[in-house]
Amino acid sequence: VAARLYGPKGYLFEELEDASLTTLGINQCLDLHNQVINSIEISNSQLLVVSPMRRTIQTATYSFPQFINKIPWYGLECLREKSGLYPSDRRRPITEHILSYPHVNFTLINDINDPLYYKSDGR
């Protein structure tokens with residue numbers, strides 16, 4: 001969305017750190033939830049693991065709300081999909097996620113701040 005509105009430099013906006021799902025993304029999650037809610041394979045789930053990026057936690061939370069406080073949820077740094085130049089690739093401090101997503105256990109994450117993010121000097 002940022003690139004559509006502002007061109008490639010839109011990705012560099014600090015306020016996009018650990019970007020949230022868009023309305024479209026939330027609606028896609030709700031559609032997925034409606035498709036799988038009665039699935040036997042899904043109903044037998046015993047564990048849910050997510051990347052500690054806000055958009056992945058939100059995806060799981062909107063898609064599988066029936067599992068909140070029913071099965072263990074874990075955030076794992078090794079599930080990160082990408083890290084790099086853009087603030088949207090940098091996760092927020094894990095202490096913020098602990099407050100925002102109390103149904104996810106983040107105790108296996110050792111670093112409060114994102115250890116995988118690097119900021120390029122543009123070269």
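Colleague: What is the volume of the largest pocket?
Modeller: This is a predicted model, where local features need pLDDT of at least 70, side-chain atom pairs count only at pLDDT 80 or more, and totals for chains, interfaces and linings use all residues. On a 1 Å grid over the protein atoms alone, a pocket is an open set of points where a 1.4 Å probe fits, with protein on both sides within 12 Å along at least five of seven lines. Points are joined across faces, edges and corners, and volume is the space filled by probe spheres set on them. For the largest pocket, that gives about 420 Å³.

Colleague: Which residues are closest to its centre?
Modeller: Lining residues have an atom within 4 Å of a point. The largest pocket has 17 of them, and the closest to its centre are V1, A2, L16, A19 and S88.

Colleague: Which element gives the largest share of that lining?
Modeller: Helices are DSSP runs (H or I, at least four residues), numbered from the N terminus. Three lining residues make up the largest share, and they come from α1.

Colleague: Is L5 buried or exposed?
Modeller: L5 sits in helix α1, residues 2-6. Buried means under 20% relative accessible area, exposed over 50%, and partly exposed in between (1.4 Å probe, protein chains only). L5 reaches 60%, so it counts as exposed.

Colleague: How far apart are the C-alpha atoms of L12 and Q58?
Modeller: Residues are numbered from 1 along each chain as its sequence is written, and side-chain values use heavy atoms, leaving out hydrogens and water. L12 lies in the loop between α1 and α2 (23-36). L12 and Q58 are 46 residues apart along the chain, and their C-alpha atoms are separated by 22 Å.

Definitions and conventions:
Helix = DSSP H or I, 4+ residues; strand = E, 2+ residues; numbered from the N terminus.
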